Structure formats: structure tokens, C-alpha cells
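Subject: Structure handover

Hello,

Here is the structure you asked to look at. My notes follow below it.

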Amino acid sequence: MEKHVQILLNKISYASITIATVVLLGLIIQTPSTCVDPTAPDHPTSKRASQTLFPTSTCDYTHRAFTSLEKKNRRLWSSKMWIHAVDSYKALFSTFQAQTRSHLFNHSRALVVSAGPGQAVMALREMGVADVTGVEVVDSPPLVSRADPHNLPFFDDVFDFGFSGYLDRALFPIRYVEEMERTVKIGGICVVAVEECGDEEVREIVKFFRKSRFLNARNVSLAGEERTAIVMRVQK
Ligand SMILES: *[C@@H]1O[C@H](CO)[C@@H](O)[C@H](O)[C@H]1NC(C)=O
Ligand SMILES: *[C@@H]1O[C@H](CO)[C@@H](O)[C@H](O)[C@H]1NC(C)=O
């Protein structure tokens, strides 16, 4: 009797193992329906998938990236906030064009660090500066590429004009400034904006620049914030 029960139990567990294995194999082999090529013309989700902003699943690999990015940018760039921000950067940059000893020409190579989604990059381009590079820890194509501001992926002395609207948010401001000074050539200028401050704070920030000479500081309104822009000439 004992033995009979034992055999029965064994049979049951063998059966369970077999069922579990079959189910597992089935799961591995079977393609989930969400992974079916959404570009297939008769696939029910193909239309919807191409219109949503976010992937509907991890297998959603539609080619919507380009078109929706274009659409997203068009929407962003026509927003009031964006236009207002671009105009505020233009107002600041135009002061560097207007001066008799101009710092910023159409043929200048300009760098924008901590460029965010790229308002300052767009401002410089719209002003006629042909070669503008924007970097940020998160990229925003086509205006801004991804790069660490503390370790810029550029050679020494390649830019005529370096700008950062957010030096005060840098993790390591000294290193951040060093990188701007390294990549901007002698005679070029670095402009950094920080939260609005007085002369004493300006002097503290100027100390970060070991290879530049202080030119001036002024209060400006940038992207809706009152900030102080500090202008330095690189001399190494
Ligand atoms: C610079 O570019 C702008 C915009 O394209 C243009 O209006 C301006 O005349 C150019 N300036 C010079 C000096 O070529
Ligand atoms: C900016 O404005 C603040 C407040 O009005 C003032 O205390 C400060 O001196 C100004 N800074 C500069 C550089 O003009």
C-alpha cells in the first residue's frame, strides 16, 4: 500500500514537471502578438503605433522616430515659451555682434554648453552664426548633442565663442570652466550666466577662470529668468 502511494505521487510529479516544461517552451517559442512587425499593412496596431509618442511595448520598433521627432520639434519650436527664450538669447548675443571690437561673427565657431533643448543654439543660428555646437547631458536632435560638460569631446582651441547659461548648476564648476577655456581659443570669449548676483559673487565666479581676463558683467533676462552674464576673454 505504501509503495503504491509512492508510485502514484511520483507519477503526479512527473506529470507536473512535463506540463511545466511544455508551458515554458511554449512561452519561449511563441512570439508575443505585440512583437509582430507593426509596419505590416494589415496589422491592426500599425496605424496607432505610428501615431503614439511612446512605444506601446518594448518590442515596438517602428520607424516613427524621425517623423515624430520632426513633429515634436515643430510643436516645441512654435511654442510661445520657446520663441520668447530664443529672443532673450538673441538680445544677449547681439550685444557681442554690435560692439566695435566684435566677438561674434557669422563665420565664428560657437559652443553652447548646458544647452538644454537648444534655445541658445537656435538663437545663434538664426543670427547667422553658421557653426554652432550645442551640448548637454541629454541630447535633443538636431540642435543639441550629448556630451559631458566636464569632459568635452573637442580638441583644444577650436571655438571662438563659448556660452553657458547655467554655470551655477554645474556639478563641478571649476572643471566645467576649465573645459570651456580649453576648447575656446586665445582671444575668444566665454560668456557664462548665473543666478542674478552682485559684484562680490561675480568676483568669486571670475576666480574659476584661470586662463581668462574679466571683461564685464551685466544683468540680463534669459528664458524668463533674471540672470547675470559674465564675459571673459580667453588668454591662457
Ligand atoms: C550674417 O547672417 C545674417 C543671417 O543670415 C545676415 O542677415 C547678415 O547680413 C550676416 N552678416 C554678415 C556680416 O554677413
Ligand atoms: C544685478 O541686479 C541686482 C539686483 O538689482 C544687483 O544687486 C546687482 O548688483 C546687479 N548685478 C550686476 C552685475 O549688475
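A polar contact is a pair of N or O atoms within 3.5 Å. Please keep in mind that the model is predicted.

With that cut-off in hand, start at the ligand. A polar side-chain atom of Asn 106 lies 2.4 Å from an oxygen atom of ligand 1. Around ligand 1 stand Asn 106, Met 127 and Gly 128. On its own, ligand 1 exposes 360 Å², and the protein buries 24% of that.

Next, the sheet. Strands of a sheet pair through backbone hydrogen bonds, either parallel or antiparallel. In this model 7 strands form an open sheet with mixed pairing, and their order is β3-β2-β1-β4-β5-β7-β6. The edges are held by β3 (144–146) and β6 (212–222); each has a single partner strand, so one side of each is left without a neighbour in the sheet. Ignoring direction, neighbouring strands are turned by 20° against each other on average.

What joins β6 to β7 (residues 225–234)? There are 10 bridges between these two strands, which run antiparallel. Within this pair, Leu 222 stands opposite Glu 225 in β7.

Two helices belong in the picture as well. Helix α6 (residues 173–183) packs on the sheet and touches β1 (109–113), β4 (159–164), β5 (184–195), β6 and β7. The direction of α6 makes about 150° with that of β5. Helix α7 (residues 199–206) lies across β5, β6 and β7, and runs at about 45° to β7.

Regards

How values were computed: Residues numbered from 1 in each chain as written. Chains lettered and ligands numbered in written order. Predicted model: local features only at pLDDT ≥ 70, side-chain atom pairs only at ≥ 80, totals over all residues. Heavy atoms only, no water. Near = heavy atom within 4 Å. Polar contact = N/O pair within 3.5 Å; in protein donor to acceptor, adjacent residues only side chain to side chain. Areas by Shrake-Rupley, 256 points an atom, 1.4 Å probe, with all protein chains shown as cover. Pairing = 2+ DSSP bridges. Helix = DSSP H or I, 4+ residues; strand = E, 2+ residues; numbered from the N terminus. Axes fitted to C-alpha atoms, helices over the stretch in contact; angles between N-to-C directions. Contact = heavy atoms within 4.5 Å.
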